[in-house]
Amino acid sequence: MTREMVDWDLAVRIASGIAGDGPTVSRDEAAEAVEELRAGANRSTGLVREFTGLDAPDGTAPVLVVDRPGWVQANADGFRTVLGPLVDTLLDKKPPSAFALAVGSKVTGAEVGGLLGFLSSKVLGQFDPFHDPYGRLLLVAPNIVHVEREIGAVPRDFRLWVCLHEETHRVQFTAVPWLRDHLFSEVRAMAETVESSSLLDDGLSRVTDAMRSGARGGSLVELLSSPEQREILDRVTGMMSLLEGHADVVMDGVGPSVIPTVAAIRERFNERRKGVGTLDRLLRRVLGIDAKMAQYRDGARFVRAVVDKVGMAEFNAVWERPENLPSKDEVADPETWVRRVL
């Protein structure tokens, strides 16, 4: 019997159907976008190195320009890897019958497919740290074209701006090799704390609570976590806030020297990040996307505060070992991190 709690093939089919193709472009426009994104990612490597002092080895994590179904498949593969330890833990603690597992995997596959389908039209780029051996960078061409049209950005400028942010993530994980293993260890730690009843017995009521809490700012992740799991989530939140904020600082620091229209792009993009429509905002709250947006803001404030105080070279102590990563509380109070680490 296969040990899968999610029917990943079903999830991919549903998500790809929901995702759609994106904006209408000619063959030449598509080829130009792909070429500019690849060139922008390659150019960004040196710009990120010069600004941050982080030196990523050549020939590690590849850069892939993908469409929406390509992003869906990549994330289904990533989630399958991430959830593997959790699935093994749950099935070892409370093995379901073959029938229950088969039915349950279809239900969760449909749910995951719906989530991936929704997100597939939102994501511009993403570093996938779970792809062996070093991760990979995904740039979602149709979404980038859609947003640049929506905000009236100069395409070449907007594409390089996106590449600066996403390439920073690639550099973070490849220049700091322990970072990927540390993220894996946190995932494993989360799996070890899970009791099967928390998901198998009470899952439906918790999901219902999450939907009801959307208007109050709660997320599904928060409601499905025990106090012990919240400690792990707080550590991961601190790390992800650092990574996202650092990338935002890099794109804003480098941007003015290489992107003529960067100020207009940032202003229009920040407005767009607020989301549109009641349903979109509800889904963002439930899925934790609002928290993701807060990570950009809080993390960027943390990085800027520390760099302003001690300089980029001293700030880079954050990459020396896992113990130097900021906690969630330290992200909100950079002085406490400076006193602890420097």
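**Figure 1. The whole chain, as a starting point.** A residue counts as buried under 20% relative accessible area, as exposed over 50% and as partly exposed in between (1.4 Å probe, protein chains only). By that cut-off, buried residues make up 48% of the 342 residues in the chain. Please keep in mind that this is a predicted model, in which local features need pLDDT of at least 70 and side-chain atom pairs count only at pLDDT 80 or more, while totals for chains, interfaces and linings use all residues. Residues are numbered from 1 along each chain as its sequence is written, and side-chain values use heavy atoms, with hydrogens and water left out. The chain has 17 helices and three strands, taken as DSSP runs numbered from the N terminus (helices are H or I with at least four residues, strands are E with at least two). Contacts are heavy atoms within 4.5 Å; among those between residues at least 6 apart in sequence, 81% join residues at least 24 apart. The accessible surface comes to about 16600 Å², and 55% of that belongs to carbon and sulfur atoms; the areas are from the Shrake-Rupley method with a 1.4 Å probe, with only the protein chains shown counting as cover for residues.

**Figure 2. Confidence along the chain.** The predictor's confidence in each residue is its pLDDT, on a scale from 0 to 100. The chain has a mean pLDDT of 83, with 77% of its residues at 70 or more. Residues 196-218 are a stretch to read with care: pLDDT stays under 50 there, and the model has 35 contacts beyond four places in sequence for this stretch.

**Figure 3. Two nonpolar cores.** A nonpolar core is a set of buried Ala, Val, Leu, Ile, Met, Phe, Trp, Tyr and Cys residues joined through side-chain atoms within 4.5 Å. The largest one has 59 residues, and Phe158, Trp161, Phe315 and Trp319 have the most contacts inside it. Apart from that core lies another, of 15 residues, with Trp8, Trp71, Val112 and Leu138 among them. Leaving out residues up to four places away in sequence, Trp161 touches Met251, Asp252, Ile259, Val262, Ile265, Arg266 and Phe269.

**Figure 4. Aromatic pairs.** Rings of Phe, Tyr and Trp (its six-membered ring) pair when their centres lie within 6.5 Å; planes under 30 degrees apart are stacked, over 60 edge-to-face, and the rest tilted. The structure holds eight such pairs. In one of them, Phe158 and Trp161 have ring centres 5.9 Å apart and planes at 35 degrees, so the pair is tilted. Both residues lie in helix H6, three residues apart, about one turn of the helix, and both are buried. Phe315 and Trp337 also form a tilted pair, at 6.4 Å centre to centre and 45 degrees between the planes. This second pair links distant parts of the chain, with Phe315 in helix H15 (residues 312-315) and Trp337 in helix H17 (residues 334-341), 22 residues apart. Phe315 has a relative accessible area of 0% and is therefore buried; Trp337 likewise counts as buried at 0%. Ring pairs join Phe302, Phe315, Trp319 and Trp337 into a cluster.

**Figure 5. A buried polar side chain, Gln172.** Look for Gln172 in helix H6 (residues 155-175). Its relative accessible area is 0%, so Gln172 is buried. The side chains of Gln172 and His246 are joined by a polar contact of 2.9 Å, a term for N or O atoms within 3.5 Å, where within protein one must be able to donate a hydrogen and the other to accept it, and residues adjacent in sequence count only if both atoms are side-chain atoms. Beyond four places in sequence, Gln172 touches Leu179, Leu243, His246, Ala247 and Trp319.

Figure 6. Val249 belongs to helix H11 (residues 227-258) and is buried, with a relative accessible area of 9%. Its C-alpha atom is 7.1 Å from that of Arg304, 55 residues apart along the chain. Residues up to four places away aside, Val249 touches Phe51, Ala300, Val303 and Arg304. Arg13, in helix H1 (residues 8-19), is exposed at 54%.

**Figure 7. A cis peptide bond at Pro133.** Most peptide bonds are trans. Asp132 and Pro133, however, are joined by a cis peptide bond, with omega about 0 degrees. Pro133 sits in the loop between strand E2 (125-128) and strand E3 (136-140).
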